[in-house]
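Hi there,

Here is the structure I promised to pass on. Please have a look at it, and then read on for what turned up.

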Amino acid sequence: MIRDQHEFAKKLTAYLDNGAAQLKAGTVYRLSQARGKALAALGQPAWTSEGRAAQVHAYAGAGRGTASPGGGLRKGAWLWLGVVLMAAAGFGYQQWQVYQQTREIEELDVQILSSDLPIDAYLDRGFQTWLTRFQP
Amino acid sequence: MGSPSWSQLSPSEKQVLAPLAPDWDNLDAQRKQKWRGLAQRYPKMSADEQQRIQGQMKSWAELTPQQRQAAREQYKSLRQLPPEKKDEVRQKWQEYQTLPPEQKRELAARSAATPGAPGAPGASRSTAPGTNAPPATTAPAGSAGDTKRSR
């Protein structure tokens with residue numbers, strides 16, 4: 001049964017090919033146009049007589065990203081890193097100033113303690129007034 | 001750095017800071033750090049300097065913060081004098097010691113009454129025993145206007 005169907009399809013195909021080969025060029029062209037219009041109505045690409053697809057499928061921006069998701073995160077991370085560095089620099093400078101002031105006071109205290117004058121001389125207001133008498 | 005107790009100091013520090021031993025544990029961390037810095041410099045000083053430091057260390061530690069600051073300010077002003085003037089200052093101090101107490105009080109009072117006179121309010125000290133200088137004009141609350149120690 002199946003074999004008879006194959007025989008029949010084979011014979012029919014050969015007959016149709018023979019018939020198509022005998023068609024005139026104008027007739028073939030008109031048939032091709034009609035076929036293209038019918039397929040376009042169905043939303044399928046139509047093949048020209050040269051056998052190339054006429055409809056172009058355009059993908060706007062396919063595979064091209066305007067901004068990758070990771071770019072924004074990197075930018076924010078750099079910004080925060082800058083803020084942290086600036087804060088650390090400000091804190092370090094402040095600590096250095098405190099250290100410098102402490103060292104200065106320490107040096108001053110050593111000089112006072114080791115000076116020829118006793119501490120009382122630096123605190124006695126009467127002596128300070130006494131000194132001003134002899135200043136020009 | 002922290003706030004080491006007296007027992008945690010090194011033997012050399014203890015030797016230098018011996019006058020402060022009774023009061024060491026009552027000092028705040030910042031003052032302890034300063035004294036330890038002084039102890040580190042101590043070996044490099046001359047014998048005279050070391051002796052003077054040892055003699056005045058305890059008195060200095062007993063001062064109020066205002067008194068210490070006033071002493072520093074006065075020292076800085078005298079430090080700017082030329083060497084010959086500094087010698088004069090030492091002589092003047094010797095002369096001042098010989099003045100009668102009344103005259104010293106008068107001089108101290110004149111200093112307190114004069115605006116812009118040297119010395120910070122609340123930082124005056126009287127060397128005359130048994131006498132107390134009149135309190136300064138606007139001493140901050142809690143500060144000692146008079147000397148904390150008597151000779």
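Which residues of α5(B) are buried? Before the reply, please keep in mind that this is a predicted model. The buried ones are B:Val89, B:Lys92, B:Trp93 and B:Tyr96. Viewed down the axis of α5(B), they fall within an arc of 105 degrees, so they line one face of the helix. On the other side of α5(B) you will find B:Pro83 and B:Gln94, which are exposed. The helix itself covers residues 83–97 of chain B, 15 residues in total. From the first C-alpha to the last, α5 of chain B reaches 22 Å, close to the 21 Å expected at 1.5 Å a residue.

Next, the interface. Chain B brings 52 residues into contact with 31 residues of chain A. About 4200 Å² is buried between the two chains, and carbon and sulfur atoms give 62% of that area. On the chain B side, the residues that lose the most area to chain A are B:Arg41, B:Tyr75 and B:Trp93, together 17% of what that side buries.

Between chain B and chain A the count is five salt bridges, and 13 residue pairs are in polar contact, with both residues at pLDDT 80 or more. B:Arg52 makes a salt bridge with A:Asp116, where the closest N and O atoms are 3.5 Å apart. Which elements of chain B give two or more residues to the side that touches chain A? They are α2 (29–41), α3 (47–62), α4 (65–79), α5 and α6 (101–113). Of these, α4(B) gives the most, with nine residues.

A few words on chain A. It has five helices and zero strands, and its pattern along the sequence reads α-α-α-α-α. Of the 136 residues in chain A, 21% are buried.

The C-alpha atom of B:Ala18 is separated by 9.3 Å from that of B:Met57, although the two residues are 39 apart along the chain.

Happy browsing, and do write back with any thoughts!

Best wishes

How values were computed. Residues are numbered from 1 along each chain as its sequence is written. Chains are lettered from A and ligands numbered from 1 in the order in which they are written. This is a predicted model: local features need pLDDT of at least 70, side-chain atom pairs count only at pLDDT 80 or more; totals for chains, interfaces and linings use all residues. Side-chain values use heavy atoms; hydrogens and water are left out. Helices (H or I, at least four residues) and strands (E, at least two) are DSSP runs, numbered from the N terminus. The expected span of a helix is 1.5 Å times one less than its number of residues. Buried means under 20% relative accessible area, exposed over 50%, partly exposed in between (1.4 Å probe, protein chains only). The arc is that of the directions from the helix axis to the C-beta atoms. Contact means heavy atoms within 4.5 Å. Buried area is the accessible area (1.4 Å probe) that two parts lose on being put together, summed over both. A salt bridge is a side-chain nitrogen of Lys or Arg within 4 Å of a carboxyl oxygen of Asp or Glu. A polar contact is a pair of N or O atoms within 3.5 Å; within protein, one must be able to donate a hydrogen and the other to accept it, and residues adjacent in sequence count only if both atoms are side-chain atoms.
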